[in-house]
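Here are a few friendly notes to read alongside the model.

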Amino acid sequence: MSDVICCNLCSYTSDKIYNVLRHLKGRHKATNDSIEQFKEQVSSSRAMEKYDAGVWKCDRCGRTVPTKHGLETHIATKHKKIVDPAAISLLESPTLVSPPPKVCGRPPLI
Ligand SMILES: [Zn+2]
Ligand SMILES: [Zn+2]
């Protein structure tokens, strides 16, 4: 199921957009407008598929990866942030912030 273009009005399919366009005109009396619209839909969906591959570019080393997730993984593994020791100690032994001391009793009424 790759590179098959479907008629959006019936179950006709072809791997050539030309055939589908001819089919649209002949079978469905498609107007030029809808032909153009259909072409755009097909080309944009194909463009999306095409550009989806390798479009995510690492801005640190220029490497391209096929998916956003891949780029995130790449950055996480290849460009690890310099770990701040202070951040580690914070993570390992979270500083307990004690609440401010409660004021017992009420202020004296004058
Ligand atoms: Zn059709
Ligand atoms: Zn990189």
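1. One definition first: two residues are in contact if their C-beta atoms, placed from the backbone, lie within 7 Å. By that rule, and leaving aside neighbours within four places in sequence, Val4 is in contact with Thr13 and Asp15. Please keep in mind that this is a predicted model.

2. Where does Val4 lie? Look in the segment before strand 1 (5–6). Val4 counts as exposed because 10 C-beta neighbours are inside 10 Å, and the cut-off for exposed is 12 or fewer. Val4 and Val20 are 16 residues apart in sequence, with a C-alpha to C-alpha separation of 9.9 Å in space.

3. On to the annotated region. UniProt, in an unreviewed entry, lists residues 58–79 as "domain: C2H2-type". Over residues 58–79 the chain is 50% helix and 9% strand, and the C-alpha atoms at the ends are 10 Å apart.

4. Cys58 belongs to the loop between strand 3 (56–57) and strand 4 (64–65). Cys58 is partly exposed because 15 other C-beta atoms lie within 10 Å, a count between the cut-offs of 12 or fewer for exposed and 20 or more for buried.

5. Which residues is Cys58 in contact with, leaving aside its neighbours within four places in sequence? They are Arg63, Leu71, His74 and Ile75. As for Glu72, its C-alpha is 9.0 Å from that of Cys58, with the two residues 14 apart in sequence.

Notes: Residues numbered from 1 in each chain as written. Chains lettered and ligands numbered in written order. Predicted model: local features only at pLDDT ≥ 70, side-chain atom pairs only at ≥ 80, totals over all residues. UniProt positions renumbered as here; feature names shortened; annotations may be inferred. Helix = DSSP H or I, 4+ residues; strand = E, 2+ residues; numbered from the N terminus.
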